[in-house]
Amino acid sequence: MFRIIHWRIFFVVDYVIGDVQGCYEPLMALLERVDYNERVDRLWFVGDLVNRGPESLAVLRFIKNLPIAPRITLGNHDLHLLSQLFGGETRQNPDDTLKDILVAPDALELGHWLRQQRLLYHDETLQVVMCHAGIAPVWDLNLAKMLALELENILNGPHYQDFLTHMYGNEPDHWSSVLTGLSRWRVICNYFTRMRFCDAKGHLVLTYKGTIKDAPSGLYPWYNVPHRIEIDADIVFGHWAALKGKCIHPRVHAIDTGCYWGGKLTALRLQDRQRFTVPGVRTS
């Protein structure tokens, strides 16, 4: 207890929060659970701030207006929202719950703020890397940071609409330094925001989304691919609710615990890696 009080008096306390997915009330409950202090605590969000849940607009507005700027990495649902706002050929899914954002008077303001967020965040002091889905098993940390920055610059630059229009697709399914243009950016995006399973050579397998136990032969969780390049930092990621927050790798922290799907919303305090949870929404 003394340590927590000490942090609150002298230092920012950092909490990484799992996939919120438009679930505003569980987010508020989680902040109460950790005794969040907006003057001294910093929130990190692992991505998928929006969609599926009922209050995506409230979630975005709250996070955007936090007194201490949050650290955010974009998830696939966040990019899907950006494609709805800015892409030339919008793709809508029947279970999307983004309409409240799309018709809001501040929709474009929120969208331009969201597209300026990160794909990977590395804090050397805390020895942690945050990203939505994970880091490709064929990348070291320096390459991952370089490729994340490359795609972030696209999203922040004059050609963001072209990328958002053409980002969908499962090909190419593996990284190569010779890739250029939209193919290169799509595979970077898919590794950072959609990855769960890879084959033994680190190729993305995006067609299977089931459990690890039932995975076809030759598929591995991205963090357990043979000869994966180890990252000299703890990796915190979301995206994979089926893991229920469990990961066998001691330096990889899965924190998507299925808030929207009847599970929990999780926060990981980075100063001591302690977890806090609250119940998610009831979907039935």
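Residues are numbered from 1 along each chain as its sequence is written, and side-chain values use heavy atoms, with hydrogens and water left out. In this predicted model, local features need pLDDT of at least 70 and side-chain atom pairs count only at pLDDT 80 or more, while totals for chains, interfaces and linings use all residues.

Helices and strands are DSSP runs numbered from the N terminus (helices: H or I, at least four residues; strands: E, at least two). Two packed helices are described by the angle between their axes and the distance between the axes. Axes are lines fitted to C-alpha atoms, for helices over the stretch in contact, and angles run from 0 to 180 degrees between N-to-C directions.

Helix 2 spans residues 24-33. The axes of helix 2 and helix 3 come within 9 Å and cross at roughly 40°. Helix 2 and helix 3 are therefore oblique to each other. Angles under 35 degrees count as roughly parallel, over 145 as roughly antiparallel, 65 to 115 as roughly perpendicular and the rest as oblique. Helix 2 contributes Y24, L27, M28 and L31 to the contact, and helix 3 contributes A58, V59 and F62. Contact means heavy atoms within 4.5 Å. By class, the contact of helix 2 with helix 3 holds seven nonpolar residues, no polar residues and no charged residues. Ala, Val, Leu, Ile, Met, Phe, Trp, Tyr, Cys and Pro count as nonpolar; Asp, Glu, Lys and Arg count as charged; the others, Gly among them, count as polar.

Helix 3 (residues 56-64) also packs with helix 6 (residues 107-114), at an angle of about 60° and with the axes 11 Å apart. That angle makes helix 3 oblique to helix 6. The crossing of helix 3 with helix 6 is left-handed. A crossing is left-handed if the near helix is turned anticlockwise from the far one by less than a right angle, and right-handed if clockwise. From helix 3, L57, L60, R61, I63 and K64 meet E109, L110, W113 and L114 of helix 6. This contact of helix 3 with helix 6 has six nonpolar, no polar and three charged residues.

Helix 4 covers residues 76-86. The axes of helix 4 and helix 6 come within 10 Å and cross at roughly 130°. Helix 4 and helix 6 are therefore oblique to each other. Helix 4 likewise passes helix 6 in a left-handed crossing. D78, L81, L82, L85 and F86 of helix 4 make the contact with A107, L108, G111, H112 and L114 of helix 6. The residues of this contact divide into seven nonpolar, two polar and one charged.

Pockets were located on a 1 Å grid over the protein atoms alone: a pocket is an open set of points where a 1.4 Å probe fits, with protein on both sides within 12 Å along at least five of seven lines, and lining residues have an atom within 4 Å of a point. Grid points are joined across faces, edges and corners, and a volume is the space filled by probe spheres set on the points.

The largest pocket has a volume of about 770 Å³. Its lining holds 30 residues, of which N76, H77, R194, K209 and H239 lie nearest the centre. Helix 4 and helix 9 (181-193) each supply at least two lining residues. Helix 4 gives the largest share, four residues. By class, the lining of the largest pocket has twelve nonpolar, ten polar and eight charged residues.

The second largest pocket has a volume of about 170 Å³. Its lining residues include K244, W261, K264 and R275. Strand 11 (264-269) and strand 12 (274-279) each supply at least two residues of this lining.

A cis peptide bond joins E171 and P172, with omega about -5°. D35 has a positive phi of about 55°, although it is not a glycine.
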